[in-house]
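Colleague: Can we go through the charged pairs in this one? I have it open.

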Amino acid sequence: MVLLLAGSLFAQGSKETLAVATVGATPALKEDMNKRGMDASFGRVLESLDQHLVTSLAQTRKFTIVGRKGLLKDVVAEQDLAQSGLANAATAPEAGQLKGAKYTLTATMDSFLENSEVASFAEGRKMKRRFQISAQAVIVDTTTGEVFDTANVQLDKTDIVDMPANVSEKEIGARTDELMPVLARELAEKISAITVASVYPVKVIDVEDEKVLTLNRGASLFSEGDVVEIYGPSRTVTDPDTGDVIKRKGKSVGKARITSVEPAYSQAELIENSGVKVGCQASKLVVPKD
């Protein structure tokens with residue numbers, strides 16, 4: 001239902017069309033989960049990640065998302081019914097009108113680690129657990145069949161659990177089951193943000209009084225206090241060995257600090273400026289902590 005709604009709500013405009021493949025896992029990871037007796041919980045993570053990824057991408061409002069996955073066979077069955085002559089022609093779907101996808105996104109989980117340690121404090125025992133998840137995201141341009149972009153997406157999360165003397169392992173297991181959907185949602189949001197940034201680089205869409213910028217990306221990517229670097233027009237160069245045309249960033253023309261974040265856009269205050277203007281691209285900087 002999410003896929004069909006996304007297709008109908010965001011079909012207007014010039015948004016690129018995206019098909020999202022069912023999230024999977026590498027054979028090695030599946031085997032590891034099986035050996036650890038985590039088949040059921042890991043299966044729930046995959047299912048949750050699958051649903052959250054489509055929802056997160058739809059909420060960016062950057063793509064027209066078309067139904068694929070298991071829903072495609074239902075769409076085809078409905079069109080076959082229309083062609084049979086049994087359905088009312090005025091309301092039946094027309095064959096040959098199924099929207100194609102400019103890009104496909106495939107996400108495959110390749111690592112799932114959970115480390116835990118118990119320590120005693122004055123207020124009692126506590127268990128510290130660290131979850132590490134990673135997935136490979138591959139975006140393919142279906143027009144050419146070429147890999148448009150790839151990314152290794154990682155999530156590192158720590159959870160602290162009180163360990164009273166009467167707590168049971170079953171209760172700890174229940175806590176893990178509660179965390180799985182949360183981990184899946186956060187990983188889906190990271191994959192979604194990377195996908196959007198790949199197809200639609202962040203751009204400056206307004207400059208006010210040469211001090212305040214508006215960027216066309218919101219809460220899915222930025223938080224207040226983030227620092228972004230601004231770049232001039234990108235350039236293309238050719239690799240003399242392979243003949244590949246490489247598109248690279250333009251010259252750095254400034255830096256800005258995010259001051260407010262909305263769902264669809266963010267505003268930032270310039271802290272360096274040597275030619276920032278509408279149309280420049282931007283990327284978030286990782287600022288070392290003091």
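Modeller: What follows is a short talk about salt bridges in this predicted model.

Colleague: How many salt bridges does a search of the whole structure find?

Modeller: The search finds nine.

Colleague: Which residue does D141 meet in a salt bridge?

Modeller: D141 meets K102, at 3.4 Å from N to O. The two are 39 residues apart, with D141 in strand β5 and K102 in the loop between α4 and β4.

Colleague: Is D141 buried or exposed?

Modeller: D141 counts as buried because its relative accessibility is 12%, and the cut-off for buried is under 20%. K102 is partly exposed, at 26%.

Colleague: Next topic. Where do D226 and K284 lie?

Modeller: Those two form a salt bridge as well, at 3.9 Å from N to O. D226 is in the loop between β8 and β9, and K284 is in strand β14, so the pair ties together parts that are 58 residues apart in sequence.

Colleague: And what is the relative accessible area of K284?

Modeller: K284 has 39%, which makes it partly exposed. D226 has 18% and counts as buried.

Colleague: What about K255, which residue does it form a salt bridge with?

Modeller: K255 forms one with E272, and their closest N and O atoms are 3.8 Å apart. K255 sits in strand β12 and E272 in strand β13, 17 residues apart. Both are partly exposed, K255 at 22% and E272 at 42%.

Definitions and conventions
Residues numbered from 1 in each chain as written. Predicted model: local features only at pLDDT ≥ 70, side-chain atom pairs only at ≥ 80, totals over all residues. Heavy atoms only, no water. Salt bridge = Lys/Arg side-chain N within 4 Å of Asp/Glu carboxyl O. Helix = DSSP H or I, 4+ residues; strand = E, 2+ residues; numbered from the N terminus. Buried < 20%, exposed > 50% of the residue type's maximum accessible area, 1.4 Å probe, protein only.
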